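This report describes selected strands, charges and contacts of one protein model. Please keep the sequence and the structure in view while reading.

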Amino acid sequence: MSEHGDEDERDQEGEEEAKTTVPVVYQLAAEDKVGQIVKYLNSKEDEEFLEAIEERNPENGQSLMMWATLRQRFVLVEWLLKRGKREAFAFKNKQLLTIYDKWVEERKAKAERDKEAAEEAAARAAEGGEPPEEDEDKPAEPELHQVVFEAFEGEEGVTIHMVRTVGELGIYEGGRDEAGNKTGLGQTLFVNGDIYIGEYLNNKREGLGTYFWAKEANIYTGEWRRDVRWGLGRMVYADGGRYYGAWARDKKNGRGRYTYINGDTYDGDWEDDEREGQGTYTFAADSSSYVGTFRRGDFTSGKWVLSGGVTYYGIFKNFKPFGRGLYLFGDKFKQEGEYRRGEWVIHRVENLKSDVDVDYQLKLQGQTIALRYTPEQHGARPSLEQLVSVANCQAFQSWRKAVEAQKQTQISDIRIRSLELDPRTGSPASIRLEVSAYDATRPATVRAKLPLSDV
């Protein structure tokens, strides 16, 4: 065999050997096989599991938690944290972790001593006793960093500055810029036990990252901007609730889906952590759903989709139907009525036929008026569902309030001239009304009918 042939064979063997030294989890990660990663790690006993997740990818130095965070593999992040807890972040400097844990221990012990001293002083004061005289010869209690440092005195590499830094600032491992600011990939163990892993810019969380709240055991994985949740992300709460969607200013803002601990779900608009705008709330118990408008977390108007093709349209209060509304039983018939003290009172029952002019009865200025379509709109066969949506949308409700506020003009007929629906939500986006009215200040015998007007 030629000399070049021997070199080629050695190169090939070297490549194969290098490939085999890559830990199994990172071989699977390279192919994005999250399910197999979980299966592989789940087969390990606790000690082997911890060894496996603390290994780093030899190609880029990243931990498995960092890979899962940057690739937004939410399920893997959650699973690693629940089984591995702090060890899932694979901090490299074990000495600093030991110092950190000693700080936590001594801080807790000092808090207990201070609490006991305060309780003793309160008991003496309650009994009218005098506070004990101070012993001038008694040495002052050493500061916390001194106590912790003494526990590691003589250990190689441990300085009092190192101990104080860990106790007062926590532990950071990762990139820094020329000025020493946290920049690039890194992870921080904070003094309160919280942990962040992901991207930094100028000492702030910026980009993709995972944050673990130690006290609450909540987990967020997603986008960050200037140290707050901002962008797309997933939050897992300790009580079992989950949210995936848009964030801004560290709160749920925009479109998102929340799964509650009882299995109910809300999929729709959010504003400052509250359901606000268009959305769908589905009840796990019976699969019924509220579809429509939410204000300050409450469902205010829209439709209640029930089983068997039954749908209720109207307004809602405290997640229950309220006031006037309409039940639609498939394409067979409708019931118009109102909820009084939680009971449904029927006003009218009507069979539905495709060739009749559908209408919706509503109260306006103390009288019942039918909301209909103009002949042009009816020819396009708009649905009764759209009529109810119009009657309950915010723009129409605002117009109704304006009409009720003035007494000079009496409305006698309302028809929808044109209607445009939001393609995303199906709710009215633009409405033009054709309104018949008369001058209510004139005697009935001489009232002049006002001309039709557009609203």
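Strand 10 (residues 274-282) and strand 11 are antiparallel partners, joined over six bridges; strands count as paired if DSSP finds at least two bridges between them. Helices (H or I, at least four residues) and strands (E, at least two) are DSSP runs, numbered from the N terminus. The model is a predicted one, in which local features need pLDDT of at least 70 and side-chain atom pairs count only at pLDDT 80 or more, while totals for chains, interfaces and linings use all residues. Residues are numbered from 1 along each chain as its sequence is written, and side-chain values use heavy atoms, with hydrogens and water left out.

Strand 11 (residues 289-295) is mostly covered, with five of its seven residues buried. Buried means under 20% relative accessible area, exposed over 50%, and partly exposed in between (1.4 Å probe, protein chains only).

Strand 4 (residues 204-213) and strand 5 run antiparallel and are joined by seven bridges. Gly207 is placed opposite Trp224 in strand 5. Four residues lie between strand 4 and strand 5 in their hairpin, where Ala217 in the turn has a positive phi of about 65°.

On strand 5 there is a further antiparallel pairing, with strand 6 (residues 228-236), over six bridges. In this pairing Tyr220 stands opposite Met235 in strand 6. Strands 5 and 6 form a hairpin with two residues between them, and Arg226 in its turn has a positive phi of about 50°. Strand 5 (residues 218-225) is mostly covered: six of its eight residues are buried.

## Salt bridges

Side chains of opposite charge can pair when their charged atoms come close. A salt bridge is a side-chain nitrogen of Lys or Arg within 4 Å of a carboxyl oxygen of Asp or Glu. The whole structure holds 28 salt bridges. One of them joins Glu54 and Lys94, with the closest N and O atoms 3.3 Å apart. Glu54 lies in helix 4 and Lys94 in helix 7 (residues 94-127), so the pair ties together parts that are 40 residues apart in sequence. Glu54 is partly exposed, at a relative accessible area of 30%, and Lys94 is partly exposed at 40%.

Arg348 and Glu336 also meet in a salt bridge (2.7 Å, N to O). This pair links distant parts of the chain, with Arg348 in strand 16 (residues 343-351) and Glu336 in strand 15 (residues 333-340), twelve residues apart. Arg348 is partly exposed at 27% relative accessibility, whereas Glu336 is buried at 3%.
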